[in-house]
Amino acid sequence: MSELIVPAKQQPDADGNVIEVTPESAGWQYVGFQVYRLGPGQTLFRQTEQLEVCLVLLSGRGNVSTSKSQWLNIGERMNVFEQKPPFSIYVPNSDFFEFQAITEVELALCSAPGHGTYEARLIAPEHVGIETRGSGNTERRIHNILPEQEQADSLLVVEVFTPNGHWSSYPPHKHDRDSLPDESLLEETYYYHVQPEQGFAIQRVYTDDESLDEILAVKDGQTVLVPKGYHPVSAPPGYDVYYLNVMAGPTRTWRFYNDPNHEWLMPKTTN
Ligand SMILES: O=C(O)C[C@@H](O)[C@H](O)C(=O)CO
């Protein structure tokens, strides 16, 4: 299997963890990503230490507390493919959180370096920006959970629904040069669900010189690491594809660069 794919553990460990990506395991500097599957009544406690965290309640309901705040009985969707925007909690560094599951829960823990600038807060579904991007067979639904217009020190978090037979993250773009204002350097993880779950998504990750050029068949529950390069996604006919993206880098801004070979596919802007 490609080193860019992080498979889920066969069984959750004692804490409920099924996916663990750290900067050390990914060989990069900023993004951390974990997924937990919790049963009713199960709790997860973490000190955030030097990291800011965005907890995304992928499915299920739970109670969350931090040092100063508490949110009870949050969560609505029971499956990501319901396409309702999720409940999320932003937790700054030097804080803690305790998550208690009320139902079966799938919880994503997105992390990156924090500087203590902001308070813990709830990102309720009505605060998630919903966008339809692309048209025809590139149309997809975007949930902007923690975009750059919203407060955080490093993290950018977004989820994307690609209907079967469609493409997303398309035309291909990259963000691997710290060269603002033209391009920002952002590491990125893709956490996938596929419906029905025996399906797969295809993701190509490639650089201009093709020293990196991988075509990945990604299964439900797997994570893809995008350390650099262009990274388009295709959902095969019959299989709807969901992914959660976490991005972070030296500057918190998403400035991408389109592959010049495919830029002609960009929608035309009208004056
Ligand atoms: O446009 C999309 O389909 C999603 C992408 O923007 C995705 O979030 C990404 O590649 C971010 O760099």
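**Close-up 1. The largest nonpolar core.** In this predicted model, the largest nonpolar core holds 54 residues, a core being buried Ala, Val, Leu, Ile, Met, Phe, Trp, Tyr and Cys residues joined through side-chain atoms within 4.5 Å, with buried meaning under 20% relative accessible area (1.4 Å probe, protein chains only). Look for Phe-33, Cys-54, Cys-110, Tyr-192 and Leu-244, which have the most contacts inside this core. A second, separate core of 19 residues includes Val-53, Leu-55, Leu-107 and Leu-109.

**Close-up 2. The surroundings of Leu-244.** Beyond its neighbours within four places in sequence, Leu-244 is in contact (heavy atoms within 4.5 Å) with residues including Phe-33, Ala-108, Cys-110, Val-157 and Tyr-191.

**Close-up 3. The largest pocket.** Here is an open set of points on a 1 Å grid over the protein atoms alone, where a 1.4 Å probe fits, with protein on both sides within 12 Å along at least five of seven lines; lining residues have an atom within 4 Å of a point. Of its 32 lining residues, Arg-133, Arg-140, His-173, Trp-254 and Phe-256 lie nearest the centre. β12, β13, β14, β19 and β24 each supply at least two lining residues.

**Notes for all views.** Residues are numbered from 1 along each chain as its sequence is written. Local features need pLDDT of at least 70 and side-chain atom pairs 80 or more, while totals for chains, interfaces and linings use all residues; side-chain values use heavy atoms, without hydrogens and water.

Conventions: Buried < 20%, exposed > 50% of the residue type's maximum accessible area, 1.4 Å probe, protein only. Helix = DSSP H or I, 4+ residues; strand = E, 2+ residues; numbered from the N terminus.
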